[in-house]
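Here is a short tour for anyone who likes to check a model before computing with it. Please take a look at the structure first, and then we can walk through it together.

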Amino acid sequence: MKLAFIIIAGGIVAAAGLSGCQNQPSTMEEKTLLAKDAYYKSDYTKALALMKDANQNDPEIQYFFGEMYEEGEGGLPKDPAKSAEYFRKAAENYRKAAERGNAKAQCMFGQMYEEGRGGLPKDLAKAEEYFRKAAEQGYAEAQHNLGWMYDEGEGGLPKDQSKAAEYYHKAADQGYAVSQYNLGWMYYKGEGGLQKDPAKALEYFLKAAEQGHAAAQNSLGWMYFNGGSYSPGDLFKAVEWWSKAAEQGYAKAQCR
């Protein structure tokens, strides 16, 4: 679910008025914000350098340390014990913030139940509970996650593509790229109670692709290559979008 945070982290940095390129970050708050921005851009070496001086009690920073020790990213060795330690700290802090009604914490605590991290059991019903709390507050990532759970029939929810489309729309309207991509396919196939509409599919693929979503870029290339009532075939546009997806390592586009 990393793609979800790129938008959120970018928004936080912009709201704080930080450019990251004019002056060196001087305060712990600035380093914390810039560390998150670097992490969501997959620049783990830069993220780690900033995280060392960031707020060590920030559950998101703790979660990042957990993932980086788990995967051996940013120059850190793989260390399951260290990873588990940081996930436990993150889980406890997310729990406290979630109980205070913090939507982001509710979503992240739900994600930790979904993954069975931080000493929590893997519990999709609990994950759904916390995703719903955050979704009801308008938190886009949680709305997407809830949509996905309806889409797959997870967490004790019935498989309901109409409900999935409803929550994907809520998240997509806030610019959430993964929901936009999923809606693109739903409109293309006519699923979730949506009328089959290739033009709408193209619209949503484009929204996600412009945010760097590799699968959407590949799908957009495919739609431009084939053409149809929504757009005449355009090989140049197809190659342009396939190239963007391939540059991100998207294998299907690399084969085009």
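What percentage of the 256 residues of the protein count as buried? The share is 49%, where buried means under 20% relative accessible area, exposed over 50%, and partly exposed in between (1.4 Å probe, protein chains only).

A word on the ground rules. The model is predicted, so local features need pLDDT of at least 70 and side-chain atom pairs count only at pLDDT 80 or more, while totals for chains, interfaces and linings use all residues. Residues are numbered from 1 along each chain as its sequence is written, and side-chain values use heavy atoms, leaving out hydrogens and water.

**Overall picture**

The protein has 14 helices and zero strands; these are DSSP runs numbered from the N terminus, with helices being H or I of at least four residues and strands E of at least two. Among contacts with a separation of 6 or more, 49% join residues 24 or more positions apart, a contact being heavy atoms within 4.5 Å. The protein exposes about 12,400 Å², and carbon and sulfur atoms supply 48% of that area (Shrake-Rupley method, 1.4 Å probe; for residues, only the protein chains shown count as cover).

Helix α9 has twelve residues and reaches 16 Å from its first C-alpha to its last, close to the 16 Å expected, which is 1.5 Å times one less than its number of residues. Its buried residues include Tyr-167, Tyr-168 and His-169, and the buried set packs against α7, α8, α10 and α11. At the N-terminal end, Asp-160 caps α9, with a side-chain oxygen 3.1 Å from the backbone nitrogen of Ser-162.

Gly-153 sits in the loop between α8 and α9. Leaving aside neighbours within four places in sequence, Gly-153 is in contact with Pro-158 and Lys-159. The C-alpha atoms of Gly-153 and Ala-164 are 9.7 Å apart, and Ala-164 is one of the buried residues of α9.

**A nonpolar patch**

Phe-225, Leu-235 and Val-239 make a nonpolar surface patch of about 280 Å². Val-239 belongs to helix α13 (residues 235–247).

| Residue | Relative accessible area |
|---|---|
| Gly-153 | 30% |
| Val-239 | 40% |

Patches like this one take residues with over 30% relative accessible area and no salt bridge, joining like charges within 9 Å and nonpolar side chains (Val, Leu, Ile, Met, Phe, Trp, Tyr) within 5 Å. A salt bridge is a side-chain nitrogen of Lys or Arg within 4 Å of a carboxyl oxygen of Asp or Glu.

Notes. A polar contact is a pair of N or O atoms within 3.5 Å; within protein, one must be able to donate a hydrogen and the other to accept it, and residues adjacent in sequence count only if both atoms are side-chain atoms.
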